[in-house]
Structures are given as structure tokens and as C-alpha cells.
Amino acid sequence: MISRHLQCSAQAAIPTRTHVLETSEQQASTHQRPISVIRKIRESLISRERTAVEITEGYLAKLQEREPHIRSFLHISAEKALLDAEEIDKLLSEGGGGELGLLAGVPLGVKDNLCTRDMPSTGGSQILKGYCPPYDATAVCKLREAGAVLVGKTNMDEFGMGSSTESSAYQVTSNPWDLSRVPGGSSGGSAAAVAAGQCAGALGSDTGGSIRQPASFCGIVGLKPSYGRVSRFGLMAYASSLDVVGCLGASVLDTAILLQVIAGHDKNDSTSSLEEVPDYAAQLLPVEGLSSKPLAGVKFGLIKETMDEEGVEEDVASAVKAAALHLQELGASVTEVSLPMFSLGLPAYYVLAPSEASSNLARYDGVRFGPRAHGEEVMSMFGNSRAEGFGPEVKRRILMGTYALSAGYYDAFYKRSQQVRTLIQRDFKAALQDVDVLLSPVAPSAAYKIGEKLDNPLSMYLGDLMTVNVNLAGLPSLVVPCGIAEGGTCGLPVGLQMIGPTFGEEALLRLGHIFEQTLPMNFNAPLLTS
């Protein structure tokens with residue numbers, strides 16, 4: 001039987017208040033570079049060291065063992081996963097090793113708002129309880145074509161509305177670093193599953209930070225691609241002009257491989273881009289072959305407004321400043337840049353996103369989607385069905401959005417927020433003409449306690465301050481672990497957000513890979529032990 005005892009990993013000995021970079025001698029003795037779990041699985045398959053079935057059985061065993069404590073999955077597809085693994089082994093035994101996809105035999109999790117034809121897809125909501133779509137989302141279809149083994153659907157805030165997974169209609173996921181804390185949201189289930197080793201990687205979605213904030217809280221890598229880089233077909237819509245499908249992995253290389261598979265134009269999504277998809281993984285070279293100053297000539301800009309905020313905790317600011325110092329030691333220049341409209345992003349987002357949500361969620365009415373509640377006439381039936389099916393946070397945002405779109409307030413709220421969005425886009429464009437990549441914290445704090453902000457939704461919304469602007473601008477953003485803050489048994493991870501120009505994922509991944517491979521810290525989540 002597994003106890004709740006947490007075994008601290010190597011980072012526990014690292015000072016948590018001030019992050020001082022270690023000497024080269026210390027680095028050599030303590031630094032374990034993040035490895036690509038996906039590439040390691042592929043190599044073990046091709047060498048016949050392990051079979052796909054053995055790999056899948058190992059992940060499923062770990063998933064089941066830790067699930068009672070983490071609660072990261074809403075549905076586990078063990079039988080289908082093993083059947084898919086058997087097909088991979090059959091292909092290998094017939095000499096088809098050269099035909100293996102990039103994700104052959106790799107156990108992955110999928111966020112529950114992405115449609116899967118053989119598993120329930122509920123969006124974390126009671127209104128879709130038991131719903132099984134007749135098709136796969138395009139991103140899921142591409143995973144299958146690449147040979148991935150899908151082990152289950154991960155928990156999330158209902159329809160992506162939340163920052164902690166606490167608004168899930170089914171369960172609250174725990175952070176593997178400290179089971180009393182949230183993993184972030186809305187892709188908290190995906191992030192926790194990767195951090196806990198329950199799957200080798202996972203898909204998530206990001207409307208205002210829903211991949212990046214959980215990645216930071218759980219000490220893993222998260223990638224929000226440019227708007228249009230990945231098809232949204234089969235993704236349950238929250239805010240259509242902001243939603244993006246992205247990846248979570250144990251290393252930058254893992255997220256690069258996942259993006260390589262799911263990116264590209266899709267005729268089913270008119271917003272998906274025709275931009276060519278580069279070979280992201282090919283650009284991530286071993287650090288041994290790089291010069292002593294591999295980032296020479298690269299210009300980073302630290303967003304002034306994200307460091308001056310009063311709500312940013314000291315540990316978070318210290319970790320980001322130490323990360324900037326590390327980039328300078330690698331040869332890059334880091335300067336402070338200002339985005340004057342940055343602080344306006346949060347209020348604009350919380351007008352635009354709920355407004356789009358109020359429209360998108362109108363389809364859940366007991367007729368087109370969702371269970372039908374009793375009503376004396378049509379309108380009361382609609383109202384009762386939605387009242388019973390939606391949770392408090394979804395109702396709150398629908399009401400906010402409907403109010404903002406109403407005849408008397410459209411110009412004052414929605415139209416003005418769209419104008420602010422344009423100004424934010426201009427700010428980013430101007431800043432990225434002077435520097436190659438922008439830097440900021442991911443969130444004002446590390447992971448907070450479960451229940452700590454449930455009674456104060458405004459406080460939870462403020463946690464999105466660093467991330468929503470990126471969605472408003474449609475830019476790509478990569479989160480890599482950069483430090484440890486005080487809290488929990490062994491400290492809590494802090495992430496560094498790297499923001500690039502539209503379709504600049506290739507450069508972000510290359511820079512993020514060099515950063516993570518040279519940073520003298522380890523980010524292995526504490527494991528549940530017997």
C-alpha cells in the first residue's frame with residue numbers, strides 16, 4: 001500500500017530563498033540533465049531492449065499506483081492502450097522498424113476537452129457526462145497516426161474555466177510536489193500526470209495560460225504554440241479566438257517532438273495556418289557539441305511590468321532573475337523592456353473570453369448537447385438543463401460574457417476590450433523588433449493550497465496576469481523550470497516564460513533546450529513511496 005510520504009529529490013538541498021548558481025565543479029557532481037523520455041522509449045523499442053507492451057504495462061502500473069493520490073485522470077483506457085502497444089510490437093516483429101512513427105509506443109495522456117472516439121470526452125463537466133464523440137480531434141488523430149499509445153483522458157477545470165482544476169465537476173487533482181496543493185489549471189491533470197510519471201507526455205489546451213501555469217506549478221515543460229499552428233478541430237470551444245492546443249513534457253525535446261506531430265494545416269479548421277512545419281527536434285543539439293557561449297548574440301527582454309507587480313512573490317522574482325543571469329553567462333544579452341499596455345491585458349481577457357464562452361456554450365441546452373432537464377415549457381427546460389449541468393465557475397463566466405455583450409454595454413466593455421487587444425498586440429510586436437525573445441514569470445506565485453482561493457475568484461483570476469496577454473496577441477510561449485520556491489516538503493518549482501514572435505516556436509525550443517540542459521538544478525517531482 002502506498003503511503004502519503006513524499007521522497008524529496010535532489011533539489012531539496014538547494015537554497016530556496018536565493019538561487020545562487022553553482023560552480024562548474026558542483027554542476028558536474030549534482031546536475032542531471034533532463035532527458036527526452038519519448039526518444040528514450042523509441043530507442044529502447046528499436047534496439048528491442050523493451051517491447052511496447054512492456055513499456056505500456058510499466059506506465060499503466062505507475063498510473064494506477066499513483067492515481068488515488070494524484071487524481072489526474074478522468075478515464076483510463078488500459079485495454080485499448082495494451083492492444084495498441086501489441087500492434088506496435090507486431091509491426092516491429094515483421095521488420096517494420098523503419099515505418100515506426102515519431103511516437104511509436106509512447107504512452108500519452110490527452111486533456112478531456114479534446115474529442116476521442118474510443119473514450120469519454122466530458123470537458124470536465126457534468127453536462128457532458130458519459131459523452132463519447134464519434135470522431136477524434138485532429139491533434140489526437142495525428143498522435144494515433146504517429147503510433148502513440150493513449151492511456152487516458154486527464155482532468156481539467158470545467159470547459160477550461162479555472163486555474164487550479166478545482167472547478168472540475170468530478171475531482172480535484174493534486175500537485176505531485178505537494179499533495180495539498182493545486183497543480184494549476186485548466187490543464188492541471190495533464191501536467192500532474194507528466195510530473196508524476198503516469199505518462200510520457202500529454203496534450204493540453206491554453207486559452208489564457210492553461211498549459212503554461214500548470215507546467216510551472218508542476219516543474220515540467222509546457223508549450224503554447226502560435227494561434228493557428230495546431231488545428232482546433234475537435235477541441236471543445238471556450239474562447240475560439242484564444243484557444244490553442246499544446247503540449248506538456250518532461251523536457252523541451254519531448255515537447256518539440258509532440259509539436260512536430262500535431263502541428264500543421266487542417267482543412268477542418270479554417271483558422272489553422274498554411275505555414276510550413278519545421279523539424280523542431282532536429283534543431284535541439286546535444287550541449288556537449290556547443291560552444292562555451294552558445295547563446296552569444298541572442299537578445300532577451302525581461303518584461304518590466306511582470307517584475308514590478310506587488311503581487312509577485314519574492315521567490316518567484318528571484319528565480320526569474322537568476323534565470324536571466326544564467327542566460328547572460330551563456331552569452332546572451334538580457335535587457336529590461338516595457339510593455340505599457342501589459343496591465344490592461346487581464347481585464348480585457350476577462351471580458352473577451354467570457355463573451356466568447358457565453359456564445360460557444362449556448363449549444364449545451366438539453367437539446368443539442370447535454371442531458372435534458374424537466375421544464376414546463378422550452379425556456380424553462382433550457383434553463384433547468386443548464387443550471388443542473390454547469391458548475392459555478394462556468395455559470396459565472398457565462399453571466400459575465402452575456403452582460404458584456406448586452407445591448408447597453410457592448411461598446412463600453414466588449415468593443416473597448418477588442419481595442420485594448422490591438423494595443424497589446426502592437427506592444428509585443430514593437431518589443432520583439434528590439435529583442436529576440438521576451439521573458440517573464442509564469443505566475444505571481446508557486447503552487448498554492450487546494451481551497452485557498454476558491455472563495456475569492458478575483459484572486460485566482462489575478463494568477464493569469466502573466467499569461468493572458470500572450471493569448472491576446474496569438475504568440476507562442478515556452479515554459480521551462482528555472483528555480484525552487486519555499487513551500488511544501490521539498491520546495492515548489494518555478495517556471496520561466498519565454499515568448500517569441502508568431503510561428504517562432506523553432507527558436508523558442510532551441511533556446512529553451514540550451515537553457516534547461518545547462519541550468520545547474522534538478523526538477524524531479526517528489527515520488528510517492530511505499
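**Local features of the predicted model**

Threonine 165 is located in the loop between strand 4 and helix 6, where helices (H or I, at least four residues) and strands (E, at least two) are DSSP runs numbered from the N terminus. The structure is a predicted model, in which local features need pLDDT of at least 70 and side-chain atom pairs count only at pLDDT 80 or more, while totals for chains, interfaces and linings use all residues. Residues are numbered from 1 along each chain as its sequence is written, and side-chain values use heavy atoms, with hydrogens and water left out.

The phi of threonine 165 is positive, near 70°, in a residue other than glycine. Threonine 165 is also buried, at a relative accessible area of 0%; buried means under 20% relative accessible area, exposed over 50%, and partly exposed in between (1.4 Å probe, protein chains only). The loop between strand 4 and helix 6 also holds phenylalanine 159. Phenylalanine 159 is not a glycine, yet its phi is positive at about 55°. With 3% relative accessibility, phenylalanine 159 counts as buried. Serine 186 belongs to the loop between strand 4 (149-154) and helix 6 as well, and a cis peptide bond with omega of about 5° joins glycine 185 to serine 186. Most residues other than glycine have a negative phi, and most peptide bonds are trans.

Helix 6 spans residues 188-195 and is mostly covered, with eight of its eight residues buried. The buried residues of helix 6 are Gly188, Gly189, Ser190, Ala191, Ala192, Ala193, Val194 and Ala195. After helix 6 comes glycine 197, with a positive phi near 70°.

Serine 121 lies in the loop between strand 3 (107-111) and helix 5 (138-145). The relative accessible area of serine 121 is 0%, so this residue is buried. Apart from residues up to four places away in sequence, serine 121 touches Asp112, Leu114, Cys115, Thr116, Leu128, Tyr131, Pro133, Lys153 and Met236, a contact being heavy atoms within 4.5 Å. Serine 121 and methionine 236 are 115 residues apart along the chain, and their C-alpha atoms are separated by 9.3 Å.

Asparagine 384 is part of helix 12 (residues 378-389) and is partly exposed, with a relative accessible area of 32%. Its contacts, leaving aside neighbours within four places in sequence, are with Ala373, His374 and Gly375. Between asparagine 384 and glycine 487 there are 103 residues of separation in sequence and 43 Å in space, C-alpha to C-alpha.

Helix 2 (residues 37-46) and helix 3 (residues 52-70) have axes that come within 10 Å and cross at roughly 140°. Axes are lines fitted to C-alpha atoms, for helices over the stretch in contact, and angles run from 0 to 180 degrees between N-to-C directions. On the side of helix 2, Val37, Ile41, Ser44 and Leu45 meet Ala52, Ile55 and Tyr59 of helix 3. The residues of this contact comprise six nonpolar, one polar and no charged; Ala, Val, Leu, Ile, Met, Phe, Trp, Tyr, Cys and Pro count as nonpolar, Asp, Glu, Lys and Arg as charged, and the others, Gly among them, as polar.

Phenylalanine 413 sits in helix 14 (residues 410-434) and is partly exposed, with a relative accessible area of 34%.
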